[in-house]
Amino acid sequence: MQSFQHPDIFESRHIGPSKEDIKEMCSVCGVSSVDELIDETVPSNIRLKNKLILDEPLSEYEFINLIQSIASKNKVYKNYIGMGYNPTILPSVIQRNILENPGWYTQYTPYQAEIAQGRLEALLNFQTIVSDLTALPIANASLLDEATSAAEAMLMFFNSRKKDKGNSKKFFVSDEVFPQTIDVLKTRSKPFGIELVIDDFKTIELTDEYFGMLVQYPAMNGEIYSYNKLFSKADELKIFKVVAADILSLTILTPPGEFGADCAIGTTQRFGIPMGYGGPHAAYFATKEEFKRVIPGRIIGVSVDSQGNRALRMALQTREQHIKRERATSNICTAQVLLAVMAGMYAVYHGPKNLKAISLRINNLTNILSKSLIELGLVQINKNYFDTITFKVDQSTKEKIKKEALNRKLNLNFFTKDNFSISLNETTTLADVQELIETIASATGKAYKKTIDNLKYDSKVSFNSEFARTSKYLEHDIFNSYKSETDILRYMKYLENKDLSLVHSMIPLGSCTMKLNATTEMLGVTLPQFSNLHPFTPEEQLTGYIEMFREFENQLAEITGFDSVSLQPNSGAQGEYAGLSVIKAYLEDKGESHRNIALIPSSAHGTNPASAVMAGMKVVVVNCDDKGNIDVNDLKTKAELHKNNLAALLVTYPSTHGVFEESIKEICEIIHQNGGQVYMDGANMNAQVGLTSPAEIGADVCHLNLHKTFCIPHGGGGPGVGPIAVAKHLSPFLPGHSIVNINKEKSINAVSAAQFGSASVIVISYAYIKMMGETGLTNATKMAILNANYIKAKLEPYFKVLYTGSNGKVAHELIFDMQEFKQTAHVEVEDIAKRLMDYGYHAPTVSFPVHGTLMIEPTESEPKSEMDKFCNALISIREEIREVENGIADVKNNVLKNSPHTAQMVVADNWVFPYSREKAAYPISYLRTNKFWPSVSRVDNAYGDRNLVCSCLPVSEYAE
């Protein structure tokens with residue numbers, strides 16, 4: 001019978017193995033079918049009884065039509081709201097060659113520095129920009145958003161108090177700080193007993209009770225204040241000073257580091273990043289040299305490789321605070337790398353002169369608007385300003401202006417009582433200024449007859465000379481060399497070519513789910529109806545977003561088996577924190593605020609204990625047994641011991657050891673019997689969808705990593721999105737927001753700056769679910785499990801598999817123990833990881849969750865041919881180890897110890913190694929036609945940590 005269905009089905013594009021491959025792979029795994037494998041792998045008592053109720057899958061063509069239809073329901077007005085979000089101009093060369101380029105967006109966090117030098121340089125550029133513009137010596141490689149960056153600063157200084165300030169628990173916040181920032185500060189201060197004092201900085205009486213403070217620069221109303229008097233008093237009392245600064249304004253305003261700030265935070269959204277209805281954007285964090293070992297997030301530093309060449313890498317001590325687990329002072333696990341790369345490239349593209357010219361242009365236009373509106377009789381309340389002007393009006397006039405502005409499709413800032421504000425931006429023109437003047441003239445019944453030509457001559461700088469920047473910035477050649485598009489295009493491609501991504505080969509990182517990020521899924525991100533909306537846009541302009549979010553929340557609720565979903569957390573760790581905060585709020589509401597014990601298995605991801613501490617819990621570690629499973633007896637003992645104070649169990653399922661623990665329902669029941677809640681870390685949800693669910697195993701709340709299971713790309717280390725799903729009894733406590741009313745009955749304060757977090761990339765995960773449908777999603781889970789078991793079967797004769805389920809099967813990932821080679825050949829797991837680069841592969845996850853191991857996760861997207869190549873590479877490496885074991889190769893001078901080998905090493909006249917160039921560079925035949933070369937040899941981490949350099953310096957500096 002003739003079929004009228006188009007043969008090109010998305011599921012078959014997303015899933016790697018063909019039907020023929022699947023049959024062969026099942027045979028290798030010792031099963032007759034995929035379903036038999038699943039029955040042997042996933043415990044029967046947690047299997048879903050019914051299929052997921054989701055729409056029938058759409059083709060890619062159908063989805064493109066759908067998403068364009070949804071986008072068209074959003075109304076893109078001209079936005080003058082400000083409050084930390086502004087329309088920008090993203091240079092097309094950056095949009096096409098970074099944002100829309102899988103060579104950039106499918107990279108992973110640069111743990112393997114030798115094959116990540118491109119994005120490491122781009123991030124070093126970002127750090128240099130932040131450091132130069134804030135005039136503070138140390139900057140990290142981005143944080144999640146301005147509000148959480150402010151919270152990180154508060155906590156960093158809280159934990160940096162000297163003994164004589166040990167009892168100081170007050171943190172002053174200017175009442176002119178953005179309200180969304182204050183909202184997040186309220187959330188993050190509570191678990192630590194920090195008292196926020198929100199008041200007028202001009203009248204606040206500082207005492208020794210304060211340990212820190214936060215001010216906005218320029219302030220929310222646009223005023224550029226002098227904080228000299230306040231900071232002088234703070235210095236006397238040893239109070240740390242944080243400035244939330246508009247980074248674009250710092251090209252013409254005195255930077256925070258020059259008026260006494262200890263830390264500057266903010267967002268780099270103004271550097272060409274679309275508003276995206278709230279995100280994602282790269283926040284920045286800069287501070288003084290003395291805090292370099294406690295700074296949250298990641299720092300990119302300069303080191304050298306084994307050949308003495310300059311090489312970049314993540315500075316070890318500051319790479320991730322969560323390696324400290326329950327001793328952590330931050331739970332930051334990811335950053336906003338892709339957005340930081342774009343913002344940094346925007347500065348490279350424009351250079352210091354054009355950045356300053358952009359700022360002066362905005363300021364001149366704002367000055368023209370200010371004078372014109374004052375001529376109309378409006379009373380302006382801010383005197384010194386950069387881009388924002390605020391006017392005092394009665395309620396009746398305010399409503400008239402609001403109505404007229406909306407009629408003309410203009411969004412102004414009406415969020416403050418008795419005032420309204422207008423913030424201009426990079427996209428604003430003289431014609432826009434005239435339109436604004438005419439709008440307000442019409443609303444107030446005033447005549448205004450000036451033309452654009454008259455307006456031009458009224459402009460000059462709108463702030464006192466004391467606020468004008470005199471120091472230089474961005475003098476490095478990087479920011480002064482790429483003037484033409486040809487130049488910048490080649491520079492971006494030069495960096496991209498240094499980095500291994502999914503366009504080259506599989507990235508088999510366990511616990512990271514480096515699956516396909518399909519092009520059709522990505523298309524919605526750059527639709528202007530999604531990307532050009534301000535997060536505080538009036539609801540009636542957001543019909544498309546609201547429709548998509550409601551459907552997406554329902555999809556996630558169906559997949560998890562839970563009642564409600566919050567899309568606000570903008571990383572996995574933020575999702576953990578949000579979920580635990582919801583549990584705390586629920587317990588407090590029940591009158592059980594004393595419950596503060598979090599049980600966490602020893603195998604847990606490091607962010608789990610860190611997040612628990614951030615949420616105000618005390619961590620008690622539960623042991624694992626010899627098979628890698630939670631020791632149920634130990635869990636029961638500790639749950640009963642702490643039953644009066646038990647708050648939660650944090651459990652990852654399947655476990656971080658790559659196994660479906662058969663006792664999971666019993667584990668959850670033990671916690672509930674002792675008064676606690678079960679938080680399930682969704683890091684391994686890729687092995688659950690359609691087969692089981694967090695609700696089915698007995699959890700109460702989980703977070704989901706949309707950048708893992710649901711296809712948002714990792715972007716080289718962000719963006720990530722970590723929504724939480726909760727059972728019905730927790731639904732009233734989901735995060736709210738101070739500006740946009742998404743509040744539930746008993747909502748906790750916000751965990752992110754924007755009410756829907758990184759809203760614009762949620763379209764990617766929505767697309768994935770819409771095009772896969774129930775059958776596709778379930779098959780993806782099955783294939784992820786099949787692929788992992790196929791790799792196990794292929795490699796088990798050569799490497800020891802550390803943990804399996806009771807039937808000898810693994811979930812979607814597995815751990816190989818490499819520790820024996822340290823005894824037999826003095827080969828470390830790091831040597832194997834680096835040698836894989838010579839074969840064209842990124843290493844699996846190294847020494848996590850067990851020291852001396854490799855954790856491999858192939859995902860469902862990799863075809864059999866690629867997995868075979870990867871397995872052959874590891875088998876070849878095993879033979880190289882055997883050569884050392886048998887005395888054929890030298891223990892210290894061999895292909896493993898000297899890896900990776902760069903092209904520069906291989907073609908050098910002087911070849912000093914006791915093996916051939918061919919063995920070094922082309923150990924397997926496929927490399928002759930498709931070779932990825934590491935751009936540096938093995939990086940010396942210890943050197944880099946001893947000589948911490950975190951910004952662009954002249955090459956001569958490194959020589960010295």
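Okay, a definition to start: rings of Phe, Tyr and Trp (its six-membered ring) make a pair if their centres lie within 6.5 Å, and planes over 60 degrees apart make the pair edge-to-face, under 30 stacked, and anything else tilted. With that, a search of the whole structure turns up 38 aromatic pairs.

Quick note on the model: it's predicted, so local features need pLDDT of at least 70 and side-chain atom pairs 80 or more, while totals for chains, interfaces and linings use all residues. Numbering runs from 1 along each chain as its sequence is written, and side-chain values use heavy atoms, with hydrogens and water left out.

Phe157 is in helix α8 (residues 146-158) and Phe291 in the loop between β8 (283-287) and β9 (300-304), so the pair ties together parts 134 residues apart in sequence. Helices here are DSSP runs of H or I, at least four residues, and strands are runs of E, at least two, numbered from the N terminus. And are these two buried or exposed? Phe157 is buried, at 0% relative accessibility, and Phe291 is buried too, at 5%. Buried means under 20% relative accessible area, exposed over 50%, partly exposed in between, using a 1.4 Å probe and protein chains only.

Another pair is Trp911 and Phe913: centres 4.8 Å apart, planes at 75°, so edge-to-face. Trp911 counts as buried at 18%, and Phe913 does at 17%.

Last one: ring pairs also link Phe201, Tyr217, Tyr225, Tyr227, Phe231 and Phe259 into a cluster.
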